[in-house]
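Here is a short report on one protein model. Look at the sequence and the fold, then read on.

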Amino acid sequence: RVYYFASLALLLLTVLAARTFQRKRVGRNMIAVRDNPQQASALGISAVRTKLTAFVFAGVVAAAAGFLWATGNARADESVFGPVRSLSIVAAVVIGGVGSVPGAIVGVFYLLAVPYFVGTVWSFAGLFASAVGVLLLILSLPGGLARLIYGGRDLLVRAITGIDVRPRVER
C-alpha cells in the first residue's frame, strides 16, 4: 500500500510540476525553443540554457521514476529497461500527444490497458495496442489521443455555453 501511494504521489507531483512549468516563463521558453529555436534566440531566449533546463527536469523525473521502479521490483539492472521497454515508453508519449501532460498518461493507459482489458475478448488486442495500432493511431490522429480528448472537451463546452473556445485564425 505504501508503495502504491508513494507512486501515486510522485505521479501527481510530476503532473503538477509539469503543468506549472508549462505556465511559467521557463516552460513557454521551452515550447518556443522546441517549435522554432532561431526565432526564440532572436527574442533573447538562450536555446542552450533552455534545452539544458528541459534535460535536467526530464532527468529528475526519470530518476525519481527509476528509483520507484527499482524499489518496487527490488532490482535495478540493464535487463529491466531493454530497448523494447524504452521504445514503448516513447511510443506511449507519442500516442498520447507529445506536448500534452495528460496525453502521456493516456498513452500509457492505452498501451497497457488495451491488451489487458480487451485481450480476453479479442485476441488481436495486443497487436492493436502495439506496432500496427500505434501506426494507425499516429496516422489518423497526428496530435495523439490528447488532441481527440481536447476536441471532445471543446465540443462539450460549445454545446453547453454556445461559445467557441478555439481562437479564430485569419489567413
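## Salt bridges

The structure holds three salt bridges. A salt bridge is a side-chain nitrogen of Lys or Arg within 4 Å of a carboxyl oxygen of Asp or Glu. This is a predicted model, where local features need pLDDT of at least 70 and side-chain atom pairs count only at pLDDT 80 or more, while totals for chains, interfaces and linings use all residues. Residues are numbered from 1 along each chain as its sequence is written, and side-chain values use heavy atoms, with hydrogens and water left out.

Start with Arg34 and Asp35. Their side chains meet in a salt bridge at 3.1 Å, N to O. Arg34 is exposed, and Asp35 is exposed too. Here, buried means under 20% relative accessible area, exposed means over 50%, and partly exposed lies in between (1.4 Å probe, protein chains only).

Next come Asp154 and Arg153. Their side chains form a salt bridge at 3.2 Å, N to O. Is Asp154 buried or exposed? Asp154 counts as buried, because its relative accessibility is 10%. Arg153 has a relative accessible area of 45%, so Arg153 is partly exposed.

Arg158 and Asp164 also pair up. Their side chains meet in a salt bridge at 3.5 Å, N to O. Arg158 has 28% relative accessibility, so Arg158 counts as partly exposed. Asp164 is partly exposed as well, with a relative accessible area of 29%.

## The chain as a whole

How many helices does the protein chain have? The protein chain has nine helices and zero strands. Helices (H or I, at least four residues) and strands (E, at least two) are DSSP runs, numbered from the N terminus. From that end on, the elements run α-α-α-α-α-α-α-α-α.

The C-alpha trace spans about 50 × 40 × 30 Å along its principal axes. The protein chain has 171 residues, and 19% of them count as buried.

## A nonpolar patch

Six names belong together here: Tyr4, Phe5, Leu8, Leu11, Leu12 and Ile105 form a nonpolar patch on the surface. Together they have about 580 Å² of accessible area. Such areas come from the Shrake-Rupley method with a 1.4 Å probe; for residues, only the protein chains shown count as cover. Patches are made of residues with over 30% relative accessible area and no salt bridge; like charges are joined within 9 Å, and nonpolar side chains (Val, Leu, Ile, Met, Phe, Trp, Tyr) within 5 Å.

Which helix gives the most to the nonpolar patch? Helix α1 (residues 2-23) does, with five residues. Tyr4 is found in helix α1. Tyr4 has a relative accessible area of 53%, so Tyr4 is exposed.

## The second largest pocket

Rolling a probe the size of a water molecule over the atoms shows where empty space is left. The second largest pocket holds about 160 Å³ of space. On a 1 Å grid over the protein atoms alone, a pocket is an open set of points with protein on both sides within 12 Å along at least five of seven lines, whereas a cavity is a set of points where a 1.4 Å probe fits but cannot get out; lining residues have an atom within 4 Å of a point. Grid points are joined across faces, edges and corners, and a volume is the space filled by probe spheres set on the points.

The lining is made of Arg19, Gln22, Gly97, Val98, Gly99, Ser100, Val101, Pro142, Gly143, Ala146, Arg147 and Tyr150. α9 gives the most, with three residues. By kind, the lining divides into five nonpolar, five polar and two charged residues. Ala, Val, Leu, Ile, Met, Phe, Trp, Tyr, Cys and Pro count as nonpolar, Asp, Glu, Lys and Arg as charged, and the others, Gly among them, as polar.

Ala40 lies in helix α3 (residues 37-42). Ala40 is buried, because its relative accessible area is 2%. Ala40 and Gly99 are 59 residues apart in sequence and 18 Å apart in space, C-alpha to C-alpha. Leu111 is found in helix α6 (residues 101-118). Leu111 is also buried, with a relative accessible area of 17%.

Where does Ala74 lie? Ala74 lies in the loop between α4 (47-73) and α5 (83-96). Ala74 has a relative accessible area of 72%, so Ala74 is exposed.
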